[in-house]
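These are my notebook entries on one structure, written down in the order in which I looked things up.

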Amino acid sequence: MDTHHATSHAPSVATFSTPTVVSVVPFPSFSMMALASTTEPLRAANLLSGRGLYRWSVVSLDSHDLVSSSGFRLAADHYDLAIPPSDLVLVIASLDFDHLLQPRLLDRLLRATESGKAVGAVSHGSIVLARAGLLDGYRCTGHWDRLRELQERHPLAQTTREVFCIDRNRWTASGGTAAMDMMLSLIRAQHGQNLAMNVANNFIHGRMRLPGETQPMEVRWRYGVKDRRLVKAISFMEQSIEAPRTLAQIADLAGLSTRQLQRLFMSELARTPEQFFVEMRLRAASDLLAHTDDPIGDIALQCGFGNQSHFARTFQTTFGHRPSDVRRASRDPKRGAA
């Protein structure tokens with residue numbers, strides 16, 4: 001994962017047509033927020049400019065209409081991945097999509113996206129593109145909760161924690177309202193700052209975020225902690241999941257004594273730092289069990305457990321089920337919304 005702030009790439013829109021044609025490919029159980037944040041800025045740009053600057057359509061993976069993660073049904077404009085010639089093809093994925101990523105579908109997606117001048121993704125759509133090999137050699141982002149997986153399983157993709165990232169003809173947004181910022185960036189590059197600002201104001205979107213800004217769901221928000229020293233300590237834990245630092249090392253890096261660190265964890269999180277760190281590593285392992293095919297022993301090592309038996313015992317004690325149960329449930333075709 002990028003640990004530095006690389007120079008932001010300007011939107012590559014020189015070859016985009018007018019009107020600009022955007023094709024959106026939502027996977028089943030897609031986020032309505034992600035879809036709306038992708039298409040509504042384009043609609044507003046047309047409305048506020050009084051011109052047909054953008055056209056968009058929704059493409060289904062198969063012959064069925066789409067159902068969002070919240071249960072809303074959406075009729076597709078095109079079916080069976082019949083993506084029309086497009087300037088930008090955007091894949092949206094949110095929940096229960098991993099079981100769909102079979103070689104046949106990825107190959108079809110790879111061929112279908114060839115109709116687009118640029119390809120991109122919103123939220124976990126970046127994982128879809130990465131598995132299809134479409135992010136190799138590109139800077140990209142994705143939702144923070146699976147960004148580590150994206151980095152580790154696809155080392156040729158240069159992952160970043162940015163809200164959205166535009167690298168040549170690859171456009172990726174971390175999810176939710178980040179897609180709106182990415183589309184506002186497109187509108188600004190093609191039709192000027194004033195129109196982009198008017199679109200943002202139309203949605204009471206207070207400030208347009210730019211490439212290079214990091215995702216806001218940082219430690220203090222995810223865990224509800226306020227003390228900056230505790231935020232630092234948790235951040236150092238997250239950075240050392242595979243090779244866990246000692247409690248003394250973490251306390252030192254955060255500018256605390258070990259006793260101070262223990263008191264902070266108990267007062268703000270009602271658990272010891274040791275308990276918190278083990279739970280963090282187990283949650284990371286659970287995600288890998290559900291979303292990768294890595295052997296359980298390898299996952300144990302990736303999450304800082306040198307002994308698979310110890311890992312399995314700790315996992316079952318913490319969650320009440322075995323690592324193999326998570327793997328088995330993730331392979332159950334009934335769990336996904338088809």
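Entry 1, a strand residue. I looked up Asp-87 and found it in strand S5 (residues 86–93), where helices (H or I, at least four residues) and strands (E, at least two) are DSSP runs, numbered from the N terminus. I noted that this is a predicted model, in which local features need pLDDT of at least 70 and side-chain atom pairs count only at pLDDT 80 or more, while totals for chains, interfaces and linings use all residues. Residues are numbered from 1 along each chain as its sequence is written, and side-chain values use heavy atoms, with hydrogens and water left out.

Is Asp-87 buried or exposed? I recorded Asp-87 as buried because its relative accessibility is 1%; buried means under 20% relative accessible area, exposed over 50%, and partly exposed in between, with a 1.4 Å probe and protein chains only. Its side chain makes a polar contact with the side chain of Lys-117 at 3.3 Å, a polar contact being a pair of N or O atoms within 3.5 Å, of which, within protein, one must be able to donate a hydrogen and the other to accept it, and residues adjacent in sequence count only if both atoms are side-chain atoms.

Eight of the eight residues of S5 are buried, so I describe S5 as largely enclosed by the rest of the structure. Two strands pair if DSSP finds at least two bridges between them, and S5 pairs with strand S1 (residues 20–26) in the parallel sense over five bridges. On the S6 side (residues 116–123), I found seven bridges to S5, again in a parallel run. I also noted that Leu-90 has Gly-120 in S6 as its bridge partner.

Cys-140 is in no disulfide, and the nearest cysteine sulfur, that of Cys-165, is 6.8 Å away. I listed Cys-140 as buried because its relative accessibility is 0%, and Cys-165 as buried because its value is 1%.

Methods
Disulfide = S-S within 2.5 Å.
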